[in-house]
Amino acid sequence: MRQVAIEPTFESWQAAARTLLRERVPPSEVVWLDSAASPGGTGPAGSGPPPDPDSSQPVARVPRQFIELAGQVVRHRDPARWPLLYEMLWRLVHESRDLLEHRTDPLVRRLVAMAAQVRREAYHEEVGEMLRLQEGGGGAAAFVPADAGLGELREAATRCTGCELYRHATQTVFGRGPADARIVLVGEQPGDQEDLQGAPFVGPAGEVLDRALAEVGLARERLYVTNVVKHFKFVERGKRRIHQTPRLPEVAACRPWLDAELAVVKPRVLVCLGATAARALFGPDFRLLRERGRFIETPWASRTLATLHPSAVLRGENEAAQARLYQMLVADLRMAAEASAG
Ligand code: URA
Ligand code: SF4
């Protein structure tokens, strides 16, 4: 038996799991000791995972889906998550790379259920946080001038401190485009380039978007393009700033800006780019991949449509997948273009 002591983090588990996998230690021979679960709290000193001799070299390529699942499962409280994840990893490598597709496999089911529970709890926590924020009179509402045009709104938004995001970002990235635009596109939040340049969709996602717009004959300068959240949310990793998906409290805090923009522009067609925008406008249960590409009436536009986020295209696993995702984006934007002309 191998005893492996880890910190209760994904990184710590991953480092240990890689070593075990490289040394071909089967799951049945590992006892996982999680320092948070062991009596005394911090765990025996010096019993952490053996230093990973070559952690930059992945032992085996595992599907991205597993990494995503594991990222959620590690936040569960059940100490069994460590051996279960290792068993999954072992089987992905030694049995089938497609194991996660086998939804009837008991191990897959158990991990998927743990991840779902983690997501549910996180959601409830966010809702609670959001309600506390609203009760406290927080959010952007106090900064939004009444009956203002786009210019005045944009100017006022530069001073917004309605949530914590303004503290670390460079500037507010307000929407861009003419007040009489027939189509409004709503993204998630500015990225690194947008934060630096002060305009929406000017980075890599913007390039994909521009390509798709050109393909369906839409001129970017005739559209109003904005985001659900107006400040860049990120974590720093060395010199890089890594985008973080905004959470419900931030989406709710920033909402008055989007509402004000939509009240001014009154678009014929409203397009949500990606799940964050779609959930903000259609509600938290909206399932993007199931419900994209058709018009649904909302209070902001009789024809509201959700499509993929342009950066989802860039995240496609390979060229073929990227091409497929891109075609979905193009097809949905074509619907928007046709509806706006009619
Ligand atoms: N992604 C978004 O959602 N919005 C931007 O403005 C840029 C990238
Ligand atoms: Fe204000 Fe929105 Fe920026 Fe938060 S993200 S500070 S609510 S503009």
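1. In this predicted model, helix α8 (residues 248–265) packs against helix α9 (residues 275–282) at an angle of about 75°, and their axes are 12 Å apart. Angles of 65 to 115 degrees count as roughly perpendicular, and α8 and α9 are therefore roughly perpendicular to each other. On the α8 side, the contact is made by Val 251, Arg 255 and Leu 258; on the α9 side, Thr 276, Ala 280 and Leu 281 take part. By class, the residues of this contact are four nonpolar, one polar and one charged.

2. Helix α8 also meets helix α5 (residues 150–157). The axes of α5 and α8 come within 10 Å and cross at roughly 170°. Because angles over 145 degrees count as roughly antiparallel, α5 is described as roughly antiparallel to α8. From α5, the residues in contact are Leu 150, Leu 153, Ala 156 and Ala 157; their partners in α8 are Trp 257, Ala 260, Glu 261, Val 264 and Val 265. This contact of α5 with α8 comprises eight nonpolar residues, no polar ones and one charged residue.

3. A further pair is formed by helix α2 (residues 64–73) and helix α3 (residues 81–94), which pack at an angle of about 175° with their axes 11 Å apart. The two helices, α2 and α3, are therefore roughly antiparallel to each other. Helix α2 contributes Phe 66, Ala 70 and Val 73 to the contact, while α3 contributes Arg 81, Leu 85, Met 88, Leu 89 and Leu 92. Seven of the contact residues are nonpolar, none is polar and one is charged.

4. The space taken by ligand 2 is the largest cavity. The residues around ligand 2 include Ala 140, Cys 160, Gly 162, Cys 163 and Tyr 166. The shell divides into eight nonpolar, two polar and one charged residue.

Terms used:
Residues numbered from 1 in each chain as written. Chains lettered and ligands numbered in written order. Predicted model: local features only at pLDDT ≥ 70, side-chain atom pairs only at ≥ 80, totals over all residues. Heavy atoms only, no water. Near = heavy atom within 4 Å. 1 Å grid on protein atoms, 1.4 Å probe; cavity = no way out; pocket = protein on both sides within 12 Å on 5 of 7 lines; lining within 4 Å. Sits in = over half its atoms within 2 Å of the grid points. Nonpolar A, V, L, I, M, F, W, Y, C, P; charged D, E, K, R; others polar. Axes fitted to C-alpha atoms, helices over the stretch in contact; angles between N-to-C directions. Helix = DSSP H or I, 4+ residues; strand = E, 2+ residues; numbered from the N terminus. Parallel < 35°, antiparallel > 145°, perpendicular 65-115°, else oblique. Contact = heavy atoms within 4.5 Å.
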